Amino acid sequence: MDNNILLKVEDIHTFIGQFHILQGVSVEVPKGTIVALLGRNGAGKTTTLKSILGLTPPTRGQVVFDGKQIQGLRSYDIATMGIGFVPEHRAIFRDLSVLENLRIAERQKGDLEKKEDFIFSLFPDLKRLIKLPGTNLSGGQQQMLAVARALVPENKLLLIDEPSEGLAPVIIEQMMEAIRQLSAETTVLLVEQNFTVASQLAQDYIIIEEGHSVKSGVMADLVNDPETIHRYLEAA
Amino acid sequence: MNTLLGSFRKNRNLWITLIALLIVFVLAIRGLTDQEAVGGERYKNVVITILRGFSTGSIIFLVASGFSIIFGLMNVLNMAHGALFMIGAYVGWTVAVRPDTAVDAFTPIALLTGGFMLVPIWDRLLDKREWLSRSAHIWPWLGLILTLVVLVFTLPKYPITSWDVGSYEISPVNFAFAASQGILEVPEAEQFVGISPAIGLGGIILGGILAGITVAGFVINRRPATAGASEAEPFPWNSLIYCLALIALGLLVHFFNTSISNYLLSLDTTWLFILAILVAVLTGAALGILIETTMIRRLYETHFYVLMLTLGVNAIIIEIVRTIWGAPEFTMHRPSIFAGVGDGCPAESFAAMMEYKCATIRVLGGRVRTYNELFIPVLGIVVLIAVWILLQRTRLGMIVRAGVQDSEMVEALGINVQRVFTTVFALGVGLAALGGVIGAPSTGLTTTLGDSLLINMLVALSIGGLTSFPGAAAGGLIVGLLQQFIIKYGQIGINIPFMEEPFKPTPPLVPAMTVLLMVIILLVMPQGLFGRKE
């Protein structure tokens, strides 16, 4: 197996209730890169992330992370192996303060102290808001907190779901800059509806349509391939 | 001032409801004020009624807080909560009145639990064994039958000196009465009959181990084939340590049974009461772990089944209590520091109350019972503060608050949410059992104890807001105060204009008014006073 591949998802199938959501998705994420998971609404991008984490465990196929098979393990074991998750809709804990939102992500006491300089250099706003309850934060601040939370423990891989969703253009710029900086230390698998954002951040792409991964390659090629973009990504 | 006004605008309904409640409260206080008396004595009835309300409210709060945290975190409406409250009362009574029986019962329970502790080890050893998986759907059932045979043969043989529900002389009712008079005589300890002690004890241990293997078998069968979980974790040596420790403890208690019993029987009732609290809370927590891990865990996704399941557990527990302790009602005596009469009692001051250990204290010319009306409310406040600190200041509390909102995300952070669920369930049931044992000396013990409390608790939570911790406290207090005021008015009557006789609310009006208040509050605030608007 290629040592350079951090995450290899091979032909996974996932059911949610009776619905066969993923019907053969394969993903490869090389170390140190940003890979974008593209596709229309409801194609199965979020479910792919959740299947990797075991939140919606795949019934077939395999997931190999850092050389170990992780499908079928419990979610907290998978996360502890070094996968951070930034869910969609800015799912921070609203009743917890900003500091508690960061503390809860600690896997060992003192994780936050080790990483706080880096985190606050990415998101200086959070330092000022540290005592506020999450529910008082603006949408952009909540999204920053959701990303910051995933940075607290030593993660090898971040799964980031729709970081630009519902944010103002200025904030999106800031978020993209932060993701670019953090990708220097961590590998990222990014789900992004906004193609402009995804194309500027990611080196590789994978397109999912109706539960199948249909196309993958280098982002630079996709940008110059209007036909593929039209076929798989533009609103039908 | 601005913030107050802003808060009023934002929570208009809450403020109006609170002010309305306050007005009703003030009117109720005015009605109880004795206009002919002088000085502080005018408020005698008011103070006593409020203290009683705090007492009732504290017990409701103890049970409601656990129930609401469990519901908030796991979406489980634990209908067995009232029955578990009742278990706390009965177990506490047993330790306080018949410690010899509690000591007798400890050994078989410890031996069984000890064997059962090996489940994680069997799980690890037997999982993915070729020769077992071929008969995977048969051998756990065989294990179950074998377990039952061994236990049916040995468990009833274990000598427990208990009581006989059928004969008054040695019934719980009689022991309860004797204990309250201080003339308790416990029967002679029993011995193994018709079976050698070694076989009896060994059989129980074997039964526990077989039960563990059986459970491990069912767990393995349920696990999806793709899972390869267990190899990632270290071998569960600590369950072997727990097993050996429990068995050793059980055997130790068996061999020193008589001296332990005699020592406990010679103790002051206060110490026995403290022991009763500890044992009741631990029993509750252990039952909570058992119910959560073996039953509720499998059904989290299907809320209706959980509801039916816990209702069933409720019925089973009530029947078990009826079988062991009998249906007739009996009492539990108060610990000696709250039971003093005669010399210096009723106490004139707080210091005198401590000195003479009085059962009552004189307040504004009236008598206040120290256990019911002072100790229980104080304990309620202590638990309130303790749980508040647990929720706000500890990592467990932080995880619980986060899990109430989104337990999937908590799991995705690398936290074993399953374990948190079990811990919280054990804590919640432990709190209910605490309420049971604390309330027993004040309410007495009946097998309907749990049901009536469950209703009061649900009403209190609806008033306060189902998943809100301050709501559980406020709701419990409101229900407690309302009920005690109605009971008091039932004694003295309400003067209603144009009616010749004062109106006296009858006892059935107490629950009716409680529910009426809930209906009114829910009409104005469907989420309850402190519930979250979703």
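Residues are numbered from 1 along each chain as its sequence is written, and chains are lettered from A in the order in which they are written. Because the model is predicted, local features need pLDDT of at least 70 and side-chain atom pairs count only at pLDDT 80 or more, while totals for chains, interfaces and linings use all residues.

Chain B has 21 helices and 2 strands, where helices (H or I, at least four residues) and strands (E, at least two) are DSSP runs numbered from the N terminus. The C-alpha trace of chain B spans about 85 × 60 × 40 Å along its principal axes. Of its 534 residues, 45% count as buried, that is, with 20 or more other C-beta atoms, placed from the backbone, within 10 Å of their own.

Helices α20 (residues 469–492) and α21 (residues 509–524) of chain B have axes, lines fitted to C-alpha atoms over the stretch in contact, that come within 9 Å and cross at roughly 140°. Residues are in contact if their C-beta atoms, placed from the backbone, lie within 7 Å. Among the residues of α20(B) that meet α21(B) are B:V479 and B:L482, and those on the side of α21(B) include B:L509 and B:M513.

The contact between the chains takes 24 residues from chain A and 21 residues from chain B. On the side of chain A, α2 (75–80) and α3 (98–103) each give two or more residues, and α2(A) gives the largest share, 5 residues.

Technical notes
Contact = placed C-beta atoms within 7 Å. Buried ≥ 20, exposed ≤ 12 C-beta atoms within 10 Å, placed from the backbone. Axes fitted to C-alpha atoms, helices over the stretch in contact; angles between N-to-C directions.
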